[in-house]
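Please examine the sequence and the three-dimensional structure shown here before reading the report.

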Amino acid sequence: MTPENSARARKAKNLRQEECFSFQGAKKLSLEEKLFLMETKKDRVSHIKIDQKKCRSCRHKACLIVCPAKTYENRHGKIEVSFENCLECGSCRVACKEKAISWENPRGGFGVIFKNG
Ligand code: SF4
Ligand code: SF4
């Protein structure tokens, strides 16, 4: 290895270590803090509708697990949707094998308008 290549390799190694340390030192954000990084314009009309009949017989309730914004909640056996929390990631549509979720993009001008993280 030439001295030039060796210097480059050392620099790359140091960079990787710096990235690693800064990642490890990063503060773990709570859900509330993560949601604070998003700016949304709340609509009055929900862009998410669910088929409660399918939800009642659903055993895995994957929507409760996959949604990063806790949009879905199980209240006394009934799934409730806080659509205004939605971060528009689309995970719930994929995870719900019963196809009980009818999800549309929020109306123009509503929903996530800014992501800062
Ligand atoms: S995963 Fe689908 S069917 Fe099951 S509770 Fe959630 S929305 Fe309902
Ligand atoms: S699209 Fe993402 S954030 Fe919105 S309800 Fe589904 S899983 Fe939650």
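**Basis of the description**

This is a predicted model, in which local features need pLDDT of at least 70 and side-chain atom pairs count only at pLDDT 80 or more, while totals for chains, interfaces and linings use all residues. Residues are numbered from 1 along each chain as its sequence is written, chains are lettered from A and ligands numbered from 1 in the order in which they are written, and side-chain values use heavy atoms, with hydrogens and water left out.

**The protein chain**

The protein chain contains five helices and six strands. Helices (H or I, at least four residues) and strands (E, at least two) are DSSP runs, numbered from the N terminus. Read from the N terminus, the order of the elements is α-α-β-β-α-α-β-β-α-β-β.

Of the 117 residues in the protein chain, 26% are buried. Here, buried means under 20% relative accessible area, exposed means over 50%, and partly exposed lies in between (1.4 Å probe, protein chains only). The protein chain exposes about 9,100 Å², and carbon and sulfur atoms supply 54% of this area. Accessible areas come from the Shrake-Rupley method with a 1.4 Å probe; for residues, only the protein chains shown count as cover.

A contact means heavy atoms within 4.5 Å. Among contacts in the protein chain with a separation of 6 or more, 66% are between residues 24 or more positions apart.

| Residue | Relative accessibility | Class |
|---|---|---|
| Leu 29 | 34% | partly exposed |
| Thr 71 | 2% | buried |
| Ser 82 | 19% | buried |
| Pro 106 | 16% | buried |

Leu 29 lies in the loop between α1 (3-25) and α2 (31-36). Because its relative accessibility is 34%, Leu 29 counts as partly exposed. Residues up to four places away in sequence not being counted, Leu 29 touches Lys 34 and Leu 37.

Thr 71 belongs to the loop between α4 (62-66) and β3 (72-75). With neighbours within four places in sequence left aside, the contacts of Thr 71 are Ile 48, Glu 80, Val 81, Ser 82, Phe 83, Asn 85 and Cys 86.

Ser 82 is found in the loop between β4 (78-81) and α5 (91-95). Leaving aside neighbours within four places in sequence, Ser 82 is in contact with Thr 71 and Glu 73.

Pro 106 is placed in the loop between β5 (101-103) and β6 (111-115). When residues up to four places away in sequence are not counted, Pro 106 touches His 47, Glu 88 and Gly 111. The C-alpha atoms of Pro 106 and Glu 84 are separated by 9.8 Å, and these residues are 22 apart along the chain.

**The ligands**

A residue is near a molecule if one of its heavy atoms lies within 4 Å of it. The residues around ligand 1 include Cys 55, Cys 58, His 60, Cys 63 and Cys 96. The shell around ligand 1 has eight nonpolar, one polar and two charged residues. In this division, Ala, Val, Leu, Ile, Met, Phe, Trp, Tyr, Cys and Pro count as nonpolar, Asp, Glu, Lys and Arg as charged, and the others, Gly among them, as polar.

Which residues come nearest to ligand 2? Of the 13 around ligand 2, they are Cys 67, Cys 86, Cys 89, Gly 90 and Cys 92. The shell around ligand 2 comprises nine nonpolar, three polar and one charged residue.

**A charge over a ring**

Lys 41 lies over the face of Phe 110, at 5.1 Å from the ring centre. A charge sits over a ring if NZ of Lys or CZ of Arg is within 6 Å of the ring centre and within 35 degrees of the ring normal.
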